[in-house]
Structure formats: C-alpha cells, structure tokens
Amino acid sequence: MVDMLMLLVGEAMAPLLTRLYYNSGGNSLWMVTLAQSAGAPLLVIPFLLTPRAAAVGEPRPAPAPSKMVAICVALGLVVGCDNLMYSYAMLYLPVSTFSLLAATQLAFNAVTSRLINAQRFTPLVVNSVVVLTFSAALLGVDDPSSSSSVSGGAGGDAVQRGKHAAGVVLTLSASAVYALILSLFEATFDKVIGAATPRWVLKMQISTNAVAATVSATALFASGEWRTIGGEMAAFKGGKAAYAATVVGVAVGWQAATLGAVRLIARVSSLFANVTGTLALPMVPVLAVALFGDKMTGTKVVAMLMAVWGFLSYVYQHYLDGRRAAAREGRVHAAAGCGICTDQMNYS
C-alpha cells in the first residue's frame with residue numbers, strides 16, 4: 001500500500017508541478033529533464049538505513065560488477081531520453097491531455113511484458129490495449145484550441161496545431177519507452193540479480209537516475225541554457241523561492257513515482273506497477289481543470305471513460321489470475337493432505 005501510494009502521489013504531483021513551472025515563466029527544457037532524475041540522492045539515506053536481507057535457501061552468486069555497471073548505464077541513458085521526451089510533451093500539451101495520453105503506457109507495457117517478461121495475453125488484456133489505443137487516437141485528433149493552459153504563441157493556430165501533434169507523438173513515444181524501461185527493470189531483477197530485495201531496488205533506482213541526471217546536467221551546460229537560469233528565476237511568478245520549490249517538487253514527485261513503480265515491479269510485476277499508476281488517471285485532468293483552467297471537452301471525457309474502461313479490464317484480469325492461483329494452491333494443499341493421510345493409514 002505504501003508503494004502504491006508513492007506511485008499515485010508522484011504520478012499526480014509531478015505533471016501538475018511541471019505545468020506550473022511552464023505557466024509561471026519557466027522555459028528550460030533541460031532543467032525540467034534534470035529535475036526528473038536529480039532527486040536520486042534523496043534515496044541514499046533510506047538505502048543506508050535498509051538492512052541487508054537474510055539469505056533464504058541456496059545463496060545465488062552476486063552478478064558481476066561490470067555487468068551491473070553496463071546495465072545501469074544503458075538503462076540510465078534510456079531513462080534520460082525518456083525524460084527529455086516527457087519534458088517536450090508537457091511543454092506542448094495541456095496537462096489533462098498529457099495525462100490521458102500517458103495512460104497508453106499500460107497498453108505498451110502489455111506488449112513489452114509479453115515479449116520480455118513472458119506475460120500472457122488474454123481477451124481482457126487485448127480489450128484493454130484496443131480501448132486505450134482508441135482513447136489516445138481521440139485525443140490525437142482533438143482540437144488544441146480547446147485548452148487554455150497552453151498558449152498558441154507566435155504563428156497562431158497552425159503553429160499550435162503543429163505543437164499539439166508533436167506533443168501527442170512525443171507523449172506516445174515516451175510512454176512506449178517507459179513501458180520498455182519497466183519491463184527491463186523486471187527482467188534485470190529476475191534474470192540478472194535473481195533477487196528483488198529493498199537494497200537492490202534502491203541501488204538500481206539510484207544508479208540509473210544518477211546516469212540520467214549526469215546526462216541531463218551535461219546537456220544543460222553544453223546547450224548554454226544554464227546562463228538563462230538566473231534570469232528565469234528572477235522573472236518566475238512568485239520569485240526565486242517559488243522557482244526553487246517548484247523544481248524541487250518536480251524532482252520529489254518523479255522520484256516518489258519511480259521508486260513506487262520499481263518497488264511494485266520487484267514485489268509483483270511491471271504490468272501491475274503500470275496498472276497502479278493508471279489509477280491516477282482521473283485525478284490529474286480534474287486537478288488540471290481546477291488549477292490551470294484546462295477545458296474538459298467532450299472528447300476528453302470520452303477518452304477518460306475509455307481509459308478507465310481499459311484500466312478496469314486489467315484489474316479484472318488480475319482478479320481472475322489471483323483466484324486461479326488461490327485455487328491451484330488449495331488443490332496442492334489438499335493433495336498434500338491426502339498424501340499424509342494415506343501414509344498414516346499404511347503405517348497403521
């Protein structure tokens with residue numbers, strides 16, 4: 001429950017604060033990208049306080065350090081690219097549209113879980129994938145002028161439509177990459193590490209985000225955007241303190257969401273982590289309407305209902321899987337009990 005709460009709060013908090021950053025005068029894409037991973041040092045304290053798990057059964061050899069370094073660097077680079085796509089997407093789209101489109105990561109994760117983690121497809125899973133795909137398609141053809149939280153900017157409606165289309169493509173691409181990241185984390189825990197202890201979860205989270213933050217910080221300085229940060233802070237609505245609080249809030253929100261997701265991957269599966277994250281779906285558009293004046297158009301309402309339908313299909317599939325697992329476990333216990341009784345009768 002704690003892991004699920006971290007994921008839900010982070011999933012709702014981070015996009016809203018990112019939109020607040022853009023609306024209040026922030027315009028550094030690399031700063032937003034850096035903030036998505038820069039909160040990794042916050043996890044060092046819980047990592048140091050987490051005891052090592054006691055070995056159960058036959059101890060498995062620790063993975064080679066060189067292999068783990070290569071995995072963490074590769075995953076960190078992918079995470080950094082994914083963060084950049086999310087930064088652009090949240091700049092071009094109202095947060096309500098962004099959050100609804102991001103729900104398609106559930107459909108993408110069904111595919112990656114099947115290909116990488118050997119998750120099985122069922123009619124309910126296929127139904128969810130189809131419904132979420134149509135939900136994204138509805139938002140892709142929605143009129144961008146229906147939102148008031150993203151200004152049209154220079155060039156008028158044509159430029160705004162182009163930015164809207166780019167935002168849709170970037171959100172879908174980032175969602176697909178995020179689904180791939182979750183499946184790769186699950187595969188790393190299952191096939192490379194062989195254990196999903198709390199220390200390994202924190203170690204993977206810190207290492208991959210440190211790589212992503214390093215890449216983002218390097219790009220921030222290489223692009224020259226760092227020279228504009230001082231002026232951006234001074235012009236930010238609410239002043240420098242509000243600027244710092246917003247960026248820190250973005251960092252904390254993304255770390256909470258990612259840590260909750262990785263812990264759920266370790267405890268259950270990447271698919272379950274994605275299903276849990278989709279629970280935040282109805283919250284963000286409603287909060288966006290209240291906080292930023294996004295218009296809840298009929299298209300968005302239909303897309304939200306379709307996304308919730310897709311989510312409920314996944315939930316019901318998990319319920320059926322749980323019942324089957326419980327029934328199998330009951331049969332095993334019953335067979336074991338019959339075997340014991342037979343042995344006692346034979347002994348008598």
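# Notebook: helices, contacts and a patch

I started with a helix pair: the axes of α1 (residues 2-23) and α4 (residues 65-92) come within 10 Å and cross at roughly 65 degrees. Two packed helices are described by the angle between their axes and the distance between the axes. The axes here are lines fitted to C-alpha atoms, for helices over the stretch in contact, with angles running from 0 to 180 degrees between N-to-C directions. The crossing of α1 and α4 is right-handed; that term applies if the near helix is turned clockwise from the far one by less than a right angle, and left-handed if anticlockwise. On the α1 side I noted P15, T18, R19 and Y22 making the contact, and on the α4 side S87, M90 and L91. Contact means heavy atoms within 4.5 Å.

**Ground rules.** I am working on a predicted model, where local features need pLDDT of at least 70 and side-chain atom pairs count only at pLDDT 80 or more, while totals for chains, interfaces and linings use all residues. Residues are numbered from 1 along each chain as its sequence is written, and side-chain values use heavy atoms, with hydrogens and water left out.

**Whole protein.** I looked up the secondary structure and got 14 helices and zero strands. Helices (H or I, at least four residues) and strands (E, at least two) are DSSP runs, numbered from the N terminus. Of the 348 residues, 47% count as buried. The cut-offs are under 20% relative accessible area for buried, over 50% for exposed, and partly exposed in between (1.4 Å probe, protein chains only). The accessible surface comes to about 16,500 Å², and 70% of that belongs to carbon and sulfur atoms. These areas come from the Shrake-Rupley method with a 1.4 Å probe; for residues, only the protein chains shown count as cover. Among contacts with a separation of 6 or more, 86% are between residues 24 or more positions apart.

**Back to α1.** A14 sits in helix α1. I have A14 down as buried because its relative accessible area is 0%. Leaving aside neighbours within four places in sequence, A14 is in contact with V250, G253 and W254. From A14 to V252 the C-alpha distance is 7.9 Å, across 238 residues of sequence.

**Salt bridge.** How many salt bridges does the structure hold? I found one. My criterion is a side-chain nitrogen of Lys or Arg within 4 Å of a carboxyl oxygen of Asp or Glu. R263 pairs with D3, and their closest N and O atoms are 2.6 Å apart. The pair links distant parts of the chain, with R263 in helix α11 (residues 239-267) and D3 in helix α1, 260 residues apart. D3 has a relative accessible area of 6%, so I count D3 as buried.

**F272.** Next I checked helix α12 (residues 270-278), which holds F272. F272 counts as partly exposed because its relative accessibility is 22%. Beyond its neighbours within four places in sequence, F272 is in contact with M4, L264 and H318.

L106 is in helix α6 and counts as buried because its relative accessibility is 0%. The C-alpha atoms of L106 and T276 lie 9.8 Å apart, although the two are 170 residues apart along the chain. V111 is in helix α6 too, and at 37% relative accessibility V111 counts as partly exposed. V111 belongs to a nonpolar surface patch with L115, F121, V126, V130 and F134, with about 560 Å² of accessible area together. Two or more patch residues come from each of α6 (105-116) and α7 (123-140); α7 gives the most, with three. For patches I used residues with over 30% relative accessible area and no salt bridge, joining like charges within 9 Å and nonpolar side chains (Val, Leu, Ile, Met, Phe, Trp, Tyr) within 5 Å.

**Last entry, T299.** T299 lies in helix α14 (residues 298-347). I put T299 down as partly exposed, at 26% relative accessibility. T299 and L138 are 161 residues apart along the chain, and their C-alpha atoms are separated by 6.7 Å.
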